[in-house]
Amino acid sequence: MDEKEELHLTSQELQVLSELDSRQFGFLKLHGSEHGRTRALVLKAVKYLEGMLVQVKEEERACSPGARRDICIDPKTYCKLGHFHLLLEDYAKAMSAYQKFYALEQDNWKDPLFLYGLGLCYYHYNAFDWATKALQMALYVSPGFSRAADAHLRLALMFKARRHWGAAAVHFRRARLAPHQDATFTRLELSFHAAHLLEARGLRKAARDAYERLLKEPQLSSMLKADVCRQLGWLYHRCATLGEPAGRARAAVWCLQRAVVAEPESGAGLYLLGRCFAAQGKVHDAFIAYRNSVEKSEGNADTWCSIGVLYQQQNQPMDALQAYICAVQLDKGHSAAWTNLGSLYESCSMARDAFACYNNGGARATLANAPLRQRLAFLRAHLAHAPMPSVTGKRRPLPSIEEAWNLPISAEMSSRAPKAAPPPYPGAGGAGSAGAATIKREEPTPLTQQQLQTLQYLQRNSHNLSPQQQALMQQLLSQYRLSQAARVAKSEGNTSGDSAESLAEDLLKKFSDTQTDIKKEPIMKSPQKCSNEVVLGGRQPVVKLEPLKTDPLKPVAFHIGMTAKQILDACKEHAGPPSSWSVLGDARGPPEPPGVPPPRLSAEQLAPSAPFVYVESKRDAFSPQLQDFCLKHPIAVVRGLTAALKLDLGLFSTKTLVEAWPDHAVEVRTQLMQSADENWDASGRRRVWACASHRSHTTVRKYAQYQAGSFQESLREERERGAGPPPPGALSDSDGRESGSGPAKRRKSARMLRFGTNVDLSDERKWKPQLAELQKLPAFARVASAANMLSHVGHVILGMNTVQLYMKVPGSRTPGHQENNNFCSININIGPGDCEWFGVPDAYWGGVRELCDRHGLSYLHGSWWPDPEELRAHGVPVYRFTQRPGDLVWVNAGCVHWVQATGWCNNIAWNVGPLTARQYSLALERYEWNKVQNFKSIVPMVHLTWNLARNIRVSDPALHRAMRTCLLQTLRAAAGTLAAVRARGVPVRFHGRARGEASHYCGACEREVWHALLVREHERRHVVHCLACARRASPALQGFLCLEEHHVEELAQVLDAFALHRPAPPPHAAHAVPAPHSAHAPPALPATPTPD
């Protein structure tokens, strides 16, 4: 067809094109014969659209500047073109089209189909950071996205690959909750990935149990069964905690033999079986397994490396050399083979060749292997003074590496050596010098035509199959997936790389990334014809490619000046899509981490002095200037406040706690004792950010004994050194100050400590004297106060609007974090020892997050201890100061901070929310960003906002505007939800709210659910769902019941009554004052705030 020729499409073809987008990826296989007509239609549309784009570019070049152009391309055309290329698996063109749409469309973030397609392209190219961002944004914009299961699975696997275990577990759980028909993977495949996550996290026994449960599943396909058996067998082989060695060896061999039986054409199980036999000293059996693996087209670098190890152990150096050469020729970056080859040359006194092989192993292998570094240093020194080798010298026992590389190998090896290496599978190191050898798989055989026809017939009749037929369908489907994946990988020239994927990651590639599923996507029939067209200038529309618009009505422009009646009336017509219900407002995009703000700071500015204020009297403590000082700085130390107010800090001492409630629960974190400005890995060789700790539980009495025993032990050590006892706040040398003395000394002196954290003091019946003592504090710093936002929540949020206590020994660490929802916090050191604090201003938190990503750590889910010098080199300023006994540390909204005890002490802490526009806006932005990151916000900001609107008067225009926007958007969302459930015939009942009832969160996505609670009618224990998750579970909401928390009339009254208060401002008045009290000295509320 000529590029200028008019494109003629029937109405049916236009309908098909309009329904094709990124959601069909993984369901619609355009390269298969089954969809040949659809592929031809898509190619036809792509050719026409690309021709039109070329024509537009030509006309633009021909037009004079300022002249009217005849053709104007809608940016959505590029998005649709990207969808077509994605379905055709032309990822480069799909990425180009998506990027063009991204550049032209300002509101591109509102289109979940674009975001999902873009995320798939990034995922294909292993650009995990960008893929994560795109897929998270798609789920944020459209919580009920029909492909949420696939998005969550890809996110889980990317987080697992980056060792973000917590985030990976969250996404695996959410992928499991999605309806099965909306996913390109089976639930058993998902369970296998989840079990591998347990293994990767080091939870070996839990992983073993999960693998064994999978093997009991009757619907397990042979392909997946082989994968499970391989992982389980290898787990038994390398994990000493799973039993005594002989039993583990038998279990490993048994599992791997089952894997070979389940997948007889695969050599991966045979290779691992050979590794197990070699470790047991069964050399003959190991050789047979390796040879059989090679015969199954599994002659990869790992297999040849392991064969070389066996030859070397049997004192057959020439055969070992040839096997190692096979390995490194297949994978030139195979560090284990190069290292073993160097060891072979060194054993034959060929130092120059050994040095060359060790160097070829790469810097990564050298860095992780101290003996290898020592050998390299020795050989380098030896060769520097050694004479050059003589050509006429004595005969060498082995050919040099240059000669060996070009020598023909034996006929037996050459007949078995492959011509190309299959995709890599990394495995955990095993025993012996082949410890870095890894797992690989074969190229599966494709289905025959008869098998394809059988598979298609079984899929068409999937609802009426017997168990045997279902098992056959799963077996054929898995074989089809893997054979197609191998074909695509081969055609694209995939080769092994330094950062190979694990077995579970490679399975994901086979199941989804190469789009091997041949499920049929159910097409939603519409009674209307396509009305949204790609309009090219003033010409007649050519192709109708966009999906149908479900509502032809013009969207209503919502604004904060609307009354409640106007909002509800507008929602009856059209409340807008859920993507427009953000509490930040319809016009604002989702929040993103800020970059390091310019300009570059000087060395003095990067290490600022901590703001200190000294309080000498009660009058100073209650002066407005003290609150103003705290609110003006990211972090501040208030010294002398507890003495001026005569607070009895002894009420919080360990002695008093033991006397009062000795059996009260204490959470314990077991940590490595280190210097405050350093953080080393477990080996003591490398400085890292990852801050490891292990959680357990004890009682106040038992921890007090440990705390006292730790102090006595330190005194004894000091006496043995001939020195006096250290002051209470001092950190002795034995407490970790010697960490700078080298790795060997660090490992020798490394000690573990126990940090008692999160001791809950919320119960007034137990801790009445302690809580009453804190009422002496000024109003802005009290646990409960009318001027504290968190006192208006109406229910307890442990550790935020209640007091928590921390019991510390020297070295106890609270890793880096921002407070929940960016609220301010108060921390008082009870003593007798000191604490060392680090803080980063809120404006630079994006820079801290960038460095967390660089270190492979999750900013929200991970545990990290930053390096202050690395932060400053990145342009991020760091406060550092000491908190003495009695000092109050004020942490302002959004400040990143981390703390380490330098002595034996207790601390008490809680959160506060000043009634300021900055605090409210930062809390609301973090509430939305947590949604993007799939992180639960423990402060229910919607519920809190409505309570604030009931309880306070606001005179700050910025705070009023932010709150009014949230009220508008949430009332709109509530009305839209109720309209959606009523349209589906779901019964709506009034539920109300009990006194002190906690806010509700969705049991699936953990987002706050306000006003309209969706629960299953016949559940014994009701689990609340949001609208999106309820519709994912049942599109028609069958079996659901909607519970209303409030009367709509009451909400309307609250919104209409919330107006900007304009009093004559007295001196030092706060912008937001509790109604009806004065702003000068807002009275305290009772310790448990009165709920609404």
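**Exercises on a predicted chain**

The chain exposes about 48,200 Å², of which carbon and sulfur atoms supply 53% (Shrake-Rupley method, 1.4 Å probe; for residues, only the protein chains shown count as cover). This is a predicted model, in which local features need pLDDT of at least 70 and side-chain atom pairs count only at pLDDT 80 or more, while totals for chains, interfaces and linings use all residues. Residues are numbered from 1 along each chain as its sequence is written, and side-chain values use heavy atoms, without hydrogens and water.

**Exercise 1.** State which residues have the most contacts inside the largest nonpolar core.

*Solution.* Step 1: a nonpolar core is a set of buried Ala, Val, Leu, Ile, Met, Phe, Trp, Tyr and Cys residues joined through side-chain atoms within 4.5 Å; buried means under 20% relative accessible area (1.4 Å probe, protein chains only). Step 2: the largest such core has 69 residues, and Y211, W304, I307, L321, L341 and Y345 have the most contacts inside it. Step 3: helix 16 (residues 317-330) gives the most to this core, with 9 residues; helices are DSSP runs of H or I, at least four residues, numbered from the N terminus. Step 4: another core, of 67 residues, lies apart and includes F25, L41, V46 and L190.

**Exercise 2.** Determine how the side chains of strand 12 (residues 879-883) are arranged.

*Solution.* Step 1: strands are DSSP runs of E, at least two residues. Step 3: strand 11 (residues 835-840) runs antiparallel to strand 12, joined by 5 bridges (pairing requires at least two DSSP bridges). Step 4: T882 has E836 opposite.

Methods: Buried < 20%, exposed > 50% of the residue type's maximum accessible area, 1.4 Å probe, protein only.
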